[in-house]
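Biologist: Please pick out one part of this model and go through it closely. Give me the cut-offs as you go.

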Amino acid sequence: MRTQVAIIGAGPAGLLLGRLLDQAGIETIILERRSQDYVLGRIRAGVLEQGSVDLLDRAGVGTRMHAEGLVHDGVEFCFDGDRHRFDFCALIGRTVMVYGQTEVTRDLMQARDGSGAKTIYGAEDVSLHDFDGTSPTVRFVKDGVAHEIACDFIAGCDGYHGVSRASVSEGALRTYERVYPFGWLGILVDRPPVSDELIYAHHARGFALCSMRSPSRSRYYVQVAADEKVDAWSDDRFWDELRRRVDSETAERLVTGPSIEKSIAPLRSFVAEPLRFGRLFLAGDAAHIVPPTGAKGLNLALNDVGCLADALVEFYGEGSDTGIDHYSDRVLKRVWKAERFSWWMTSILHTFPETDTFGRRIQRAEFDYLVGSEAASRSLAENYTGLPA
Ligand code: APR
Ligand code: PHB
């Protein structure tokens, strides 16, 4: 087999890259370890920055998003029961779109299936070769048969546990990491959300988040210890805990019901540098992880591949290396700003085992400053709705 760009991973990063390259007449093959149904069964975040919305429109996959997605003008923070709304639209004239990552993935898969571009699901033992030279190859096994793809470039869009970053020689890679001593226990429920907008809550018992997928489907989270087991959490225990962490009005309004999904996600900050190794590029979760507090993971992944697609289109269209040479530096600048924001949101909203009374007062002062200062509110608004590409 031969293609121009071999893409590893059919998450939102790999699929959007494939779509943008397809639109430019550049041939791709996507190799995905899992089945299509498995990929679509994963429940992930669901807040899109305006830049992500624009990118999905540019890729021609925005129709359902605009029909079903919910435009949010702001978010609320609730600190020890005191709730405050940050109106992004009034503060900086920007909004966000609530539309699940699963739906973004479904729209991209449908567009790819319609275009006839090749995606190989159930690709096992994927391995990357010779990306230091000009003729890289990717090998894999499908249904017990070994295959090889010859290509010009490899895009590693295979998530944090993927093979792409692991294929780079250790000395060539620098990594930066912070693992948080807690996780998020999340549930999905077919009940209307408690509020029209998201509520991020800080409480001495821990963080909580009231989010949604649609006007009839809600997503809620509570901070739990890193070693907590999901089986220890009945639905009733979850609802009781959530009610205790939000203000009393929200607690009373909450419409509970049986969970249709319940899982615990660890929290981590991680960046690998650089993002280019000869003819291999890393993008999305393969390159960096943010804690979900700022809702940045999906947005960073989409922005990465938007830049990578531009660079590859420039390479094939104009024969210029400039875009691919600058890809890593350009993307990492924005990644680190989102890392900072996600780390900051995490640190003010969660309860840390080591947080003493001084630390809690500092967290409270951060909240009071955000509420009382237009400059601080605008800073939150511009980071949450997305910094420029
Ligand atoms: N070979 C082939 N495919 C692989 C391999 C492998 N060795 N390892 C992983 N994959 C696939 C995974 O099965 C997954 O479908 O790569 C895909 C990576 O997709 P995501 O994990 O969704 O990562 P990405 O596309 O970068 O999207 C980032 O996902 O985790 C969230 O918060 C994150 O919302 C953000 C988004
Ligand atoms: C979600 O709806 O899953 C969600 C929303 C906002 C976040 C994280 C997760 O910051």
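Modeller: Start with ligand 1. Three elements, α1 (12-23), β2 (28-32) and α10 (297-318), each supply at least two residues of its shell. Helices (H or I, at least four residues) and strands (E, at least two) are DSSP runs, numbered from the N terminus. The model is predicted, so local features need pLDDT of at least 70 and side-chain atom pairs 80 or more, while totals for chains, interfaces and linings use all residues. Residues count from 1 along each chain as written, chains are lettered from A and ligands numbered from 1 in written order, and side-chain values use heavy atoms, without hydrogens and water.

The largest share of the ligand 1 shell comes from α10, with 3 residues. In total, 24 residues surround ligand 1 (a heavy atom within 4 Å). E32, R42, R44, Q101 and D285 are the closest.

An N or O atom in the side chain of Q101 sits 2.4 Å from a ligand 1 oxygen. A polar backbone atom of L298 lies 3.1 Å from an oxygen of ligand 1, and one of P12 lies 3.3 Å from an oxygen of ligand 1. The protein covers 89% of the 720 Å² of accessible area that ligand 1 has on its own (Shrake-Rupley, 1.4 Å probe).

Next, ligand 2. Its shell has 13 residues, and the closest are Y200, S211, R213, Y221 and P292. By class there are 9 nonpolar, 2 polar and 2 charged residues. Strands β15 and β16 each give at least two of the shell residues. β15 gives the most, with 3.

A polar side-chain atom of S211 is 2.5 Å from an oxygen of ligand 2. Backbones contribute here as well. P292 places a polar backbone atom 2.8 Å from a ligand 2 oxygen, and A295 places one at 3.5 Å from a ligand 2 oxygen. Of the 280 Å² of accessible area that ligand 2 has on its own, the protein covers 99%.

DSSP must find at least two bridges for strands to pair.

Look at the links. The β15 and β16 hairpin has 2 residues between its strands. S214 is bridged to R217 in β16.

Last, V271 in strand β17 (residues 259-273). V271 counts as buried because its relative accessibility is 1%. It touches residues including R174, Y176, H288 and W336, not counting residues up to four places away in sequence (heavy atoms within 4.5 Å). The C-alpha atoms of V271 and I289 are 6.6 Å apart, with 18 residues separating them along the chain.

Methods
Polar contact = N/O pair within 3.5 Å; in protein donor to acceptor, adjacent residues only side chain to side chain. Buried < 20%, exposed > 50% of the residue type's maximum accessible area, 1.4 Å probe, protein only. Nonpolar A, V, L, I, M, F, W, Y, C, P; charged D, E, K, R; others polar.
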